[in-house]
Amino acid sequence: MFANCSRTLKKNSNLLNILQRLESTLVIAEHNNETLLPITQNALSAAKKIGGDITVLVAGTKCKPVSELLSKAKDVNRVLVSESDAFKGFLPEAVAPLIIATQKQHNFTHIIAGASAFGKALLPRVAANLDVSPVSEIIDIKSSDTFVRTIYAGNAIQTVKSKDSIKVVSVRGTSFEAAPLEGGSAKVEEAPAGDYNTDKAVFVGQELTKSDRPELTAAKVVVSGGRGMKSADNFKILFNLADKLNAAVGASRAAVDAGYCANDMQVGQTGKIVAPDLYIAIGISGAIQHLAGMKDSKTIVAINKDPDAPIFQVSDYGLVQDLFKAVPELTDKV
Ligand SMILES: Cc1cc2nc3c(=O)[nH]c(=O)nc-3n(C[C@H](O)[C@H](O)[C@H](O)COP(=O)(O)OP(=O)(O)OC[C@H]3O[C@@H](n4cnc5c(N)ncnc54)[C@H](O)[C@@H]3O)c2cc1C
């Protein structure tokens with residue numbers, strides 16, 4: 001009886017291995033022509049979990065450093081590169097046709113990108129063109145056709161089985177480890193040639209925020225302020241604390257809407273999703289839409305003068321105090 005069970009288990013796991021080997025995933029690299037954005041490493045881990053061959057597509061203007069970097073990434077079998085002025089600004093109108101051409105040539109079973117602004121603008125176009133339903137912002141993979149994602153601002157978890165022949169999937173970066181960028185030796189090849197210029201959109205320019213602080217979604221420590229900060233000027237006390245902790249600074253939507261800080265600092269359902277080692281929520285009540293963006297943080301600290309604030313229900317450490325007293329004291333002590 002036991003022998004039979006173990007034989008069946010072994011047979012099933014062999015079958016799973018064979019099925020996994022049949023998968024082939026195209027991961028869309030997100031980069032700035034010089035460096036890779038960390039969310040691509042998370043997407044690579046998701047691709048690894050699906051199993052089978054992994055190909056990475058790098059589209060850019062002069063993106064050789066990125067393709068070289070990816071060719072050394074563990075578990076990557078092939079890097080496809082397409083360099084063209086058409087990809088200036090990484091317009092989805094230009095990149096999506098390249099992905100579709102690549103798909104037509106190579107017949108991948110999965111197409112994956114990070115659930116960033118880049119991936120969110122790109123994948124629905126690709127999925128519509130391939131006539132499949134995209135599966136957005138997955139947080140886990142059960143099998144090559146079954147994915148886990150959150151719904152209702154993170155209040156419910158949904159498991160979705162996709163019956164489409166090609167799975168077009170965006171990956172929540174905070175839910176997958178970053179794949180290592182060494183230990184591999186993938187071949188680098190040209191992606192399908194074509195005219196990817198588009199008249200649907202024109203890249204005019206971009207102004208990027210310059211900051212010495214770590215990027216919000218990649219920071220190990222995040223200090224966030226809410227409406228309780230009461231003014232843009234008061235955010236300075238958060239910046240002082242953040243500088244001592246080498247932290248990024250985030251905000252609630254109420255703080256952003258009130259003009260206390262820039263909207264690229266917003267954390268939450270309609271802002272950025274973060275999962276740092278340490279998240280310090282200051283003057284933030286803990287609305288579900290805010291929690292949706294930070295509740296996977298490893299350690300959560302809350303400072304709020306209201307002992308009944310919902311943020312204390314998700315925090316590991318809570319301090320009930322006026323933030324204008326607590327934050328400068330904390331800053332002095334670290
Ligand atoms: C569709 C939708 C999407 C949304 N998306 C997001 C999102 O992405 N991110 C997000 O954050 N919100 C989002 N919201 C808004 C969300 O519902 C809340 O309104 C918002 O998070 C509240 O921000 P807050 O906690 O800063 O403000 P409040 O709820 O007003 O809380 C302020 C807190 O500060 C405390 N406080 C005040 N003064 C002090 C002091 N001196 N010392 C200590 N504590 C003090 C108060 O006790 C209170 O708990 C969304 C809402 C909707 C409907």
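Helices (H or I, at least four residues) and strands (E, at least two) are DSSP runs, numbered from the N terminus. This is a predicted model: local features need pLDDT of at least 70, side-chain atom pairs count only at pLDDT 80 or more, and totals for chains, interfaces and linings use all residues. Residues are numbered from 1 along each chain as its sequence is written, and side-chain values use heavy atoms, with hydrogens and water left out.

**Stop 1: Ser224 and its strand**

Select Ser224. This residue sits in strand β10. Its relative accessibility is 0%, so Ser224 counts as buried. Buried means under 20% relative accessible area, exposed over 50%, and partly exposed in between (1.4 Å probe, protein chains only). Now show side chains. The side chain of Ser224 makes a polar contact with the side chain of Tyr279, at 2.8 Å. A polar contact is a pair of N or O atoms within 3.5 Å; within protein, one must be able to donate a hydrogen and the other to accept it, and residues adjacent in sequence count only if both atoms are side-chain atoms.

Next, select residues 221-225, the whole of β10. Four bridges join β10 to β11, and the two run parallel. Gly225 has Ala251 in β11 as its bridge partner.

**Stop 2: the parallel sheet**

Five strands form an open sheet in the order β11-β10-β12-β13-β14, with parallel pairing. Two strands pair if DSSP finds at least two bridges between them. Which strands stand at the edges? They are β11 (248-251) and β14 (317-320). Each has a single partner strand, so one side of each is left without a neighbour in the sheet. Neighbouring strands here are turned by 15° against each other on average, direction ignored. For such angles, axes are lines fitted to C-alpha atoms, for helices over the stretch in contact, and angles run from 0 to 180 degrees between N-to-C directions.

Ser315 lies in the loop between α9 (311-314) and β14. Its relative accessibility is 17%, so Ser315 counts as buried. The side chain of Ser315 reaches the backbone oxygen of Phe312 at 3.3 Å.

**Stop 3: the ligand**

How many residues surround the ligand? The shell has 26, and the closest are Arg227, Ser252, Thr270, Ser285 and Asn304. A residue counts as near if one of its heavy atoms lies within 4 Å of the molecule. By class, the shell holds six nonpolar, 14 polar and six charged residues. Ala, Val, Leu, Ile, Met, Phe, Trp, Tyr, Cys and Pro count as nonpolar, Asp, Glu, Lys and Arg as charged, and the others, Gly among them, as polar.

Now look at individual contacts:

- Ser285: a polar side-chain atom lies 2.6 Å from an oxygen atom of the ligand.
- Gln266: an N or O atom in the side chain is 2.9 Å from a ligand oxygen atom.
- Lys305: a polar backbone atom is 3.1 Å from a nitrogen atom of the ligand.

Taken alone, the ligand exposes 990 Å², and the protein buries 77% of that. These areas come from the Shrake-Rupley method with a 1.4 Å probe; for residues, only the protein chains shown count as cover. Colour α7 (253-257), α8 (288-291) and α10 (323-333): these are the elements that give two or more residues to the shell.

**Stop 4: the mixed sheet**

Move on to the other sheet. Nine strands form an open sheet in the order β7-β6-β5-β8-β4-β1-β2-β3-β9, and the pairing is mixed. The edge strands are β7 and β9 (187-190), and each pairs on one side only. The twist averages 35° from one strand to the next.

Select β6, residues 146-151. Is this strand mostly covered or mostly uncovered? Mostly covered: five of its six residues are buried. Asp140 stands opposite Val148 in β6. The two strands form a hairpin with two residues between them.

Then look towards β7 (residues 156-161). Six bridges join β6 and β7, which run antiparallel. Ile151 stands opposite Ala156 in β7.

**Stop 5: two loops**

Pick Tyr152, in the loop between β6 and β7. This hairpin has four residues between the strands. Tyr152 has a positive phi of about 50° although it is not a glycine. Tyr152 is exposed, with a relative accessible area of 65%.

Finish at Asp75, in the loop between α3 (64-71) and β3 (78-83). Asp75 has a positive phi of about 75°, and it is not a glycine. Asp75 is partly exposed, at 33% relative accessible area.
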